Amino acid sequence: MNRRFPVWAPNASRVTLVTSDRRTERREIELDRAADGWWALAAPLDSTAPVDYGFLVDGDGPYPDPRSLRQPRGVHELSREYDPTAFEWTDQNWAGREVTGSVIYELHVGTFTPEGTLDSAIARLDQLVRLGVDAVEPLPVNAFNGEHGWGYDGVLWFAVHEPYGGPAAYQRFVDACHARGLAVIQDVVYNHLGPSGNYLPKYGPYLSDLAAGPWGEALNLDGPLSDEVRRYIVDNAVFWLRDMHVDGLRLDAVHALHDSRAVHILEELAESVDALSDAVGRPLTLIAESDLNDPKLIRSRATHGYGLAGQWDDDVHHAVHVNVTGETTGYYADFEGLSSLVKVFDRGWFHDGTFSSFRERHHGRPLDPGTPFRRLVAFAQDHDQIGNRAAGDRMSALVGDGSLAAAAAIILLGPFTPMLFMGEEWGATTPWQFFTSHPEKELGEATARGRIAEFARMGWDPDAVPDPQDPATFERSHLDWTEPERPGNARILDFYTQLIAVRREVDADARAVEVSADARSRVFRFSRGGLHVVAALGEGTHVVPAGGELVLAFGATLEGDSLRLDGPGAAVLR
């Protein structure tokens with residue numbers, strides 16, 4: 001802990017530290033100003049116990065510390081000192097893991113277990129180990145206003161949301177993951193701040209009026225005094241990776257980062273993280289969520305790229321979803337037909353300079369030749385593609401088990417880095433809906449209206465949209481851990497487990513070859529690393545020529561040199 005309480009407030013004429021040890025009246029101490037806009041105590045605070053504290057800025061406040069590590073009473077209250085170095089780690093032998101090419105498991109702490117805490121999540125890690133995943137990816141855990149939410153409305157990026165258990169619980173979670181051989185990828189948001197509890201503008205020019213995004217004002221990455229704003233982001237990334245022992249970061253919606261500098265903030269982040277990786281002696285990974293389909297993100301810095309390790313590939317999701325469910329509304333329209341699946345397996349992206357009917361313009365550009373597809377994260381389901389549906393319904397609500405198995409085989413044995421969304425592995429029937437708990441009534445009502453407006457172009461019924469503020473919406477979104485014990489769900493879980501085990505036979509860099517599709521029978525096929533995958537996406541009986549050993553099947557049987565698939569299903573041959 002830095003007991004001089006440094007804070008950046010470049011435009012303030014006076015900054016006052018306000019402290020309380022929860023037993024005495026609050027104490028106010030004037031901070032001294034440095035030439036670079038930082039303020040701090042002239043000498044460390046003399047008390048020995050951690051204190052609650054905040055800052056008065058030109059007499060207004062007190063406001064929480066922008067770099068607060070703990071907010072025990074919420075984001076509008078005083079911060080509390082926390083020393084992350086005091087935690088007794090047991091992961092000294094953890095050498096890290098190369099995340100690209102691994103199997104990632106995305107989860108939301110608040111709905112992963114009935115308790116919705118990090119400690120209760122630890123109790124479920126052994127089941128993930130048995131499933132065979134390599135890394136867990138929690139949705140954002142930084143502090144936001146209210147008890148529950150998705151996490152993307154965070155306002156204090158260094159503090160772990162207190163209802164999840166706070167920073168000590170987070171360290172226990174990471175330590176427990178490493179003890180089981182699981183890497184941790186933390187989802188972080190650097191493109192905006194939440195609408196309630198954002199006091200950064202009280203301190204300085206953290207935000208830019210010129211860079212408004214879909215979620216409000218964006219960060220000031222290229223305007224006056226933006227050096228310290230960029231440092232705030234880089235320091236936060238380093239905090240998670242170094243102090244909290246995280247193995248990688250998923251960078252939310254990087255297309256909403258407005259940065260006109262010659263060195264983009266993503267390049268600066270990648271350079272800092274690579275240097276930290278060398279210093280700590282283990283792999284550290286940055287994966288971007290981007291809808292730009294721009295290879296610059298994962299191109300090396302030596303060839304004028306940003307040097308990130310990977311990026312999400314929504315085009316794979318859209319191609320799988322459309323061909324499994326038949327939905328073609330909104331942004332799904334361009335992906336109708338099995339040719340979209342063939343293209344993403346051949347070229348990585350569907351929109352690589354092609355016309356996007358949803359955007360009403362051309363979109364994307366081709367991947368650089370030789371780019372390993374493991375640098376693209378692919379999924380059949382994720383938090384956005386479920387939660388941003390009108391009713392938050394999973395694929396299991398739209399299709400039968402055979403179709404779920406076909407989608408799983410395509411994703412888990414394909415050439416991409418596969419990611420699962422919690423509960424997908426057993427065909428969970430619980431929805432995962434958009435939920436909030438804004439204490440401000442007006443904000444809650446505005447959020448509900450905004451959700452309905454968002455769905456207009458997708459053709460979904462506004463009456464099907466649940467109220468995000470209704471506590472029942474949150475409760476419905478919890479996983480039901482009795483489901484994996486039911487015969488139908490257990491069969492799907494077993495198939496996922498076997499797929500992941502078979503995947504380990506294949507080199508992560510192996511590309512898919514012999515990619516083909518039959519539009520009449522709706523059978524999609526590819527070979528990869530000595531395995532041949534057949535996915536039937538249509539109804540009826542399909543008989544296709546297939547030699548070799550039948551390794552794994554869901555609704556399929558090998559009859560001589562022919563493979564018979566009864567309805568949607570999948571088979572893997574060696």
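Helix pair. I looked up helix α8 (residues 314-325) and helix α11 (residues 401-413), which pack at an angle of about 155° with their axes 10 Å apart. I note that α8 is therefore roughly antiparallel to α11, a term for angles over 145 degrees. The axes are lines fitted to C-alpha atoms over the stretch in contact, and angles run from 0 to 180 degrees between N-to-C directions. In this model, which is predicted, local features need pLDDT of at least 70 and side-chain atom pairs count only at pLDDT 80 or more, while totals for chains, interfaces and linings use all residues. Residues are numbered from 1 along each chain as its sequence is written, and side-chain values use heavy atoms, with hydrogens and water left out.

Contacts of the pair. I find Val316, Val320 and Val324 of α8 meeting Ser403, Ala407, Ile410 and Ile411 of α11, where contact means heavy atoms within 4.5 Å.

Whole chain. I looked up the extent: the C-alpha atoms fill a box of roughly 85 × 50 × 50 Å along the principal axes. Of the 574 residues, 59% count as buried (under 20% relative accessible area, 1.4 Å probe, protein chains only).

Loop residue. I located His258 in the loop between β16 (248-251) and α7 (265-280). At 34% relative accessibility, His258 counts as partly exposed (between the buried limit of 20% and the exposed limit of 50%).

Terms used. Helix = DSSP H or I, 4+ residues; strand = E, 2+ residues; numbered from the N terminus. Parallel < 35°, antiparallel > 145°, perpendicular 65-115°, else oblique.
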